[in-house]
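Please read the following report alongside the sequence and the three-dimensional view.

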Amino acid sequence: MTRTATKRVPIETQKRLRTLMREYFLDLDAAAKDPGRRVAWCTSVGPCEILTAFGFDVFFPENHGALLGAQKVSHELIPRAVGAGYCPESCSYMNSDIGSCLAGRSPLQDIYGIDGPPTPDLLAYNTNQCREVQDWFAFFGRRHEATVLGVRPPLHLGAVGPDHVAFVAGRLRDLIARIEERFGLVFDAAKLEETVARSSRASSLWREVLETARSRPAPITFWDGLIHMAPVILMRGSQVAIDYYEDLLAEMRARVDDGVAAVPGEQFRVYWEGMPVWPKIRELSERFFDLRTAVAASTYCNSWAFEPYSGGDPLDWMARSSLEIFINRDERFKQSFLEEMFDRFSIDGAIFHNARTCPNNTNSRFGMAQRLRDEREMPVLVIDGDLADVRFFSTAQTMTNIEAFVEQLEGRRR
Ligand code: SF4
């Protein structure tokens with residue numbers, strides 16, 4: 001197989017991202033130290049727009065879990081959580097975040113010179129992704145004597161109907177009432193609508209950015225997406241996120257027009273299903289680059305591409321967005337979503353990541369990979385690993401499997 005490494009063309013907009021991230025974390029740190037401001041922790045597709053509308057500064061612990069994984073320190077911190085009674089095979093974001101707290105160690109200290117994650121006044125979760133977040137937030141609620149509030153929507157839906165939306169919108173109304181009561185705040189409906197409109201705009205732009213990868217060659221890959229998705233999670237509801245994605249989208253469209261490839265000499269296009277392997281992102285992206293294989297689309301990066309808000313009750317939009325996310329759907333919906341994505345992005349083969357500590361966002365455990373292989377006659381590879389805990393990942397084994405997989409794609413083409 002020919003593997004001639006060509007130079008990667010950097011994405012210019014990324015330079016601004018470093019500044020945005022620094023400003024975001026420094027501001028959160030300042031908020032935590034200012035008695036006149038309040039910090040809320042929130043799950044990634046949780047009720048963050050409500051928190052923002054109330055004036056909370058919002059921190060996302062899953063992002064911290066991913067950072068601990070990407071900085072390759074999770075395996076050192078997880079034993080601290082295990083010592084406190086958390087199962088070593090429970091969510092490694094949760095375990096490394098708890099371990100980080102118990103050890104008093106966070107990469108935020110070195111990267112931004114701050115104490116670590118901001119102390120929360122409120123923790124608000126949504127179990128649309130998993131129940132783990134409830135117990136994760138409960139730990140920090142006890143630790144900081146902070147209020148923990150949650151929304152528990154119906155799970156694993158096929159079609160999302162008006163009754164489901166009405167139920168969750170009702171839970172969100174209840175959440176608002178409890179925040180008003182607990183913190184003595186008055187809810188501002190106009191502010192929520194503005195926040196939701198900005199959130200939706202950022203999300204739509206993010207979707208458009210990802211859609212540029214339908215072009216051949218793809219101007220952006222899953223690996224780039226893992227970096228550039230930060231504003232749509234952390235800064236959702238802000239103008240900053242909108243401005244960022246407008247620039248990124250313009251850059252990606254220019255790359256499409258000029259034929260600039262994320263993977264020069266792109267030969268194959270692959271789909272990534274499941275969680276990223278954060279500690280191995282660099283090695284994996286380089287391997288695919290050398291194999292001239294663009295990971296052109298993924299479920300993960302699409303998780304923050306919501307349907308647009310087009311007026312009406314913003315709580316209905318929030319409820320629908322939180323119900324419709326892929327992780328909260330049934331097996332049949334998931335398979336048809338994947339097949340549509342394979343067609344949209346002209347995918348040659350799919351990789352399923354069996355993440356040991358996240359069964360919730362792993363879809364290779366109930367025959368889906370095999371069904372896709374059989375029904376579409378498409379090469380599908382399942383790799384074993386984890387999102388943060390390297391003890392469940394064999395680099396040598398995985399790289400060998402990926403190389404054999406790309407050879408299989410080559411063989412089919414011949
Ligand atoms: S979805 Fe998976 S990775 Fe995310 S918090 Fe839940 S268990 Fe952890």
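Two strands are said to pair if DSSP finds at least two bridges between them, where strands (E, at least two residues) and helices (H or I, at least four) are DSSP runs, numbered from the N terminus. This is a predicted model, in which local features need pLDDT of at least 70 and side-chain atom pairs count only at pLDDT 80 or more, while totals for chains, interfaces and linings use all residues. Residues are numbered from 1 along each chain as its sequence is written.

Strand E3 (residues 122–126) pairs with E4 in the parallel sense over 5 bridges, and within this pairing Ala-124 stands opposite Leu-149 in E4. Both strands belong to an open sheet of 4 strands in the order E2-E1-E3-E4, with parallel pairing. Its edges are strand E2 (57–59) and strand E4 (147–151), each of which pairs on one side only. Neighbouring strands of this sheet are turned by 25° against each other on average, direction ignored.

The ligand is surrounded by Glu-62, Cys-91, Tyr-93, Met-94, Gln-129, Cys-130, Glu-132, Val-133, Cys-358, Asn-360, Asn-361 and Leu-387, a residue being near a molecule if its C-beta atom, placed from the backbone, lies within 6 Å of it. The elements that give two or more residues to this shell are helix H5 (92–103) and helix H7 (132–144). By class, the shell residues divide into 7 nonpolar, 3 polar and 2 charged; here Ala, Val, Leu, Ile, Met, Phe, Trp, Tyr, Cys and Pro count as nonpolar, Asp, Glu, Lys and Arg as charged, and the others, Gly among them, as polar.

Two helix contacts are set out below, with axes as lines fitted to C-alpha atoms over the stretch in contact and angles running from 0 to 180 degrees between N-to-C directions.

| Helix pair | Axes come within | Crossing angle |
|---|---|---|
| H16 (residues 331–344) and H17 (residues 368–376) | 11 Å | roughly 45° |
| H8 (residues 162–183) and H15 (residues 314–324) | 8 Å | roughly 115° |

In the contact of H16 with H17, Glu-331, Lys-334, Gln-335 and Leu-338 in H16 meet Met-368, Arg-371 and Leu-372 in H17, contact meaning that the C-beta atoms, placed from the backbone, lie within 7 Å. By class, this contact has 3 nonpolar, 1 polar and 3 charged residues.

The contact of H8 with H15 draws on residues of H8 including His-164 and Arg-173, and on residues of H15 including Asp-316 and Arg-320. By class, the contact of H8 with H15 has 8 nonpolar, 2 polar and 3 charged residues.

Methods:
Contact = placed C-beta atoms within 7 Å.
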